[in-house]
Amino acid sequence: MNIHLILQMAADAMGHREAFVSGSCRGTFSDLADMAKSVAGQVKDGERVGFLNENTPLMPAALFGAALAGTQFVPLNYRLAEGPLNSLLGRTAPALLLTERELGIEGIRPITMLQAGSGDISEMDAPDIDGAIAVELFTSGTTGEPKSAVLKHDNLMAYIFGTVEFMSAEEDEANLIAVPPYHIAAIAGVLSSIYAGRKMVQLPNFTADGWIKLAHAEKVTNAFVVPTMLQRIIDHAGDSLDLPFLRNIAYGGGKMPRQTIEAAMRVLPHVNFTNAYGLTETSATICMLGPDDHRAAYESDDPAIKRRLVSAGQPIPSIELEVRKEDGTVCDAEEVGLVWVRGDQVSGEYKGMGSQLDPDGWFPTKDRGFLDGGGYLFIDGRADDVIVRGGENISPGEIEDVVRAHPAVKDVAAVAVPDVEWGEAVGLAIVCTDDISDDDICALVKSELRSSRLPSLITRMDELPYNETGKLLRRVIRDRLAN
Amino acid sequence: MGQIFKPGTKLSSTVCKTQIMVLRAPATELKVTCGGAPMQIGDPDTLGEIDSAAAGGTFVGKRYTDQDESMEFLCTRGGDGTIAVDGYTIDVKAAKKLPSSD
């Protein structure tokens with residue numbers, strides 16, 4: 001299979017429909033298909049197609065242009081400093097690189113967006129090659145050198161066929177894409193918008209004000225946000241948000257605090273919220289908490305239903321999911337273990353490291369979590385982030401949830417700090433809107449959790465360090481607390 | 001004469017514009033027809049005559065499946081013919097409703 005089929009079908013069946021809006025630039029699905037051909041025509045044998053820019057219409061054009069030329073699309077983080085960026089570019093060469101920057105790196109052939117989109121438009125057939133790679137995505141590298149996750153055409157097509165119906169969007173539907181091109185949610189957003197026939201509205205640089213204004217101006221009906229974006233939109237909006245056209249917000253890419261989603265549901269009561277849990281290595285979403293589940297949890301007095309508001313929901317029909325203990329046996333309901341998944345969309349492969357799948361095709365996500373009695377998945381955090389205090393595994397999430405409930409706590413992170421007696425102990429970084437003493441924090445933790453969860457070190461920060469796609473940088477907090 | 005199909009294989013009608021892609025198929029020989037004539041890999045140079053008894057039409061983006069869902073095809077280009085496997089018409093599979101997640 002080849003993902004170019006998605007654009008081909010859209011251009012054939014609804015070529016006249018508006019496909020993208022980016023600033024003053026607009027175009028139809030036919031226009032986008034031509035732009036992809038223009039990119040493909042400029043790729044030389046053996047070259048990848050790199051993309052080092054904010055979101056522009058050339059992003060989807062480059063994604064499909066690479067597919068049409070039978071090579072890989074490699075979006076790069078344009079916010080990286082020169083050193084790390086050059087290292088990733090070196091790993092991407094040889095490549096045609098869409099960028100506005102002037103670069104002199106061996107094997108990298110830069111062209112501007114304008115050049116990329118104004119080449120010859122000649123008919124070519126997208127090659128169908130068994131096991132061919134469509135996208136190489138560098139992981140954010142919060143724990144070391146970034147890995148290059150490999151997504152095959154078959155993985156991405158399985159995701160689209162499993163979750164989207166062709167041309168299912170009404171002509172007035174518009175999807176606001178605010179995540180950067182090098183995030184899996186941006187790739188998935190492009191593929192599913194086009195397959196559904198939904199216009200993509202690009203917001204190159206997220207600000208809450210810019211997001212709200214664009215949503216209004218373009219009568220946006222759908223949007224994907226990471227939790228920090230939603231929090232900023234809520235903070236900016238105050239008590240009400242006048243977005244009458246907005247119908248669906250999907251969110252993912254990090255843990256959503258209960259307070260944020262509850263506030264969002266209050267401010268936007270007419271909007272359907274969907275939590276989409278997934279990883280780069282799984283071609284985006286593998287579990288969903290849908291709009292009905294959100295409302296049921298929001299309105300319920302039953303604690304077991306109510307807490308589902310912070311769950312990842314249930315696996316999508318095309319995915320199998322198990323929570324397993326360290327010894328490989330499957331956990332009972334409510335029992336915390338490691339999350340494993342299986343399905344055609346799951347790649348689980350890194351360049352140069354091979355497949356991480358077990359012989360039966362299961363992928364270890366390295367996320368910890370548990371299923372409740374109804375099969376709803378609760379993600380506890382990354383296995384690597386667990387605090388091991390005297391042999392006892394402590395999940396940062398359980399402590400964070402308790403502390404965050406304090407009205408004067410705006411944000412909180414629990415991390416491991418070195419401890420002479422226990423090996424590791426709990427360190428807390430908190431962002432407060434009012435003075436709270438360490439004793440108050442400890443009393444709060446003690447009232448809800450076992451004494452081993454008591455923080456041995458508390459620091460106050462103006463804000464917690466997140467990367468631009470909303471991922472909490474726990475390593476930065478660990479380093480700060482260790483010093 | 002039948003053929004074994006693997007996922008991703010594209011078949012073109014020889015009597016109309018229909019093109020389908022195999023999503024799932026059993027590992028047995030199948031005889032796939034559209035508009036009463038065998039489908040082939042690659043578009044034909046000229047179109048033959050459609051069987052008026054097999055001219056129900058195909059619709060781009062729809063999935064087609066047999067009764068026990070042992071096989072599934074995606075229509076990648078719509079046309080006038082009706083698709084049949086081993087002489088039995090296969091129908092549009094009901095769309096499953098999932099909320100938009102990205």
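Modeller: Let's start with a term: a salt bridge is a side-chain nitrogen of Lys or Arg lying within 4 Å of a carboxyl oxygen of Asp or Glu. Please keep in mind that we are looking at a predicted model.

Biologist: Thanks! Why can such side chains pair? And how many salt bridges does the rule count over all chains?

Modeller: Side chains of opposite charge can pair when their charged atoms come close. Over all chains, the count comes to 39 salt bridges. One of the pairs to look up is A:Lys37 with A:Glu123, where N and O are 3.1 Å apart.

Biologist: Now the place where the chains meet. How much area do chain B and chain A bury between them?

Modeller: The size of an interface is often given as the accessible area lost when the parts come together. Here, chain B and chain A bury about 2000 Å², and 59% of that is on carbon and sulfur atoms. On the chain B side, B:Leu98, B:Ser101 and B:Asp102 lose the most area to chain A, together 32% of what that side buries. If you list the residues in contact, you find 20 from chain B and 30 from chain A.

Biologist: Which polar features cross between chain B and chain A, and how many are there?

Modeller: The count is three salt bridges between the two chains. B:Lys10 makes a salt bridge with A:Asp128, with the closest N and O atoms 3.9 Å apart; that falls under the rule, whose limit is 4 Å. There are also seven residue pairs in polar contact across the interface. Strand S2 (19-24) and strand S6 (72-77) of chain B are the elements that give two or more residues to the side touching chain A. Sorted by class, that side of chain B has 10 nonpolar, five polar and five charged residues.

Biologist: Which strands make up the open sheet of four strands in chain A?

Modeller: Its order is S16-S17-S20-S21, again antiparallel. The edge strands are S16 (320-324) and S21 (377-382), and the twist averages 45° from one strand to the next. Between S17 (residues 337-342) and S20 (residues 363-371) there are four bridges; A:Gly337 stands opposite A:Gly369 in S20(A).

Biologist: Last one: what kind of peptide bond joins A:Ala93 and A:Pro94?

Modeller: Look at the omega angle. Here omega is about -5°, and the bond is cis. A:Pro94 lies in the loop between helix H4 (82-92) and strand S5 (95-99) of chain A.

Note on methods. Residues are numbered from 1 along each chain as its sequence is written. Chains are lettered from A and ligands numbered from 1 in the order in which they are written. This is a predicted model: local features need pLDDT of at least 70, side-chain atom pairs count only at pLDDT 80 or more; totals for chains, interfaces and linings use all residues. Side-chain values use heavy atoms; hydrogens and water are left out. Contact means heavy atoms within 4.5 Å. Buried area is the accessible area (1.4 Å probe) that two parts lose on being put together, summed over both. A polar contact is a pair of N or O atoms within 3.5 Å; within protein, one must be able to donate a hydrogen and the other to accept it, and residues adjacent in sequence count only if both atoms are side-chain atoms. Ala, Val, Leu, Ile, Met, Phe, Trp, Tyr, Cys and Pro count as nonpolar, Asp, Glu, Lys and Arg as charged, and the others, Gly among them, as polar. Two strands pair if DSSP finds at least two bridges between them. Axes are lines fitted to C-alpha atoms, for helices over the stretch in contact, and angles run from 0 to 180 degrees between N-to-C directions.
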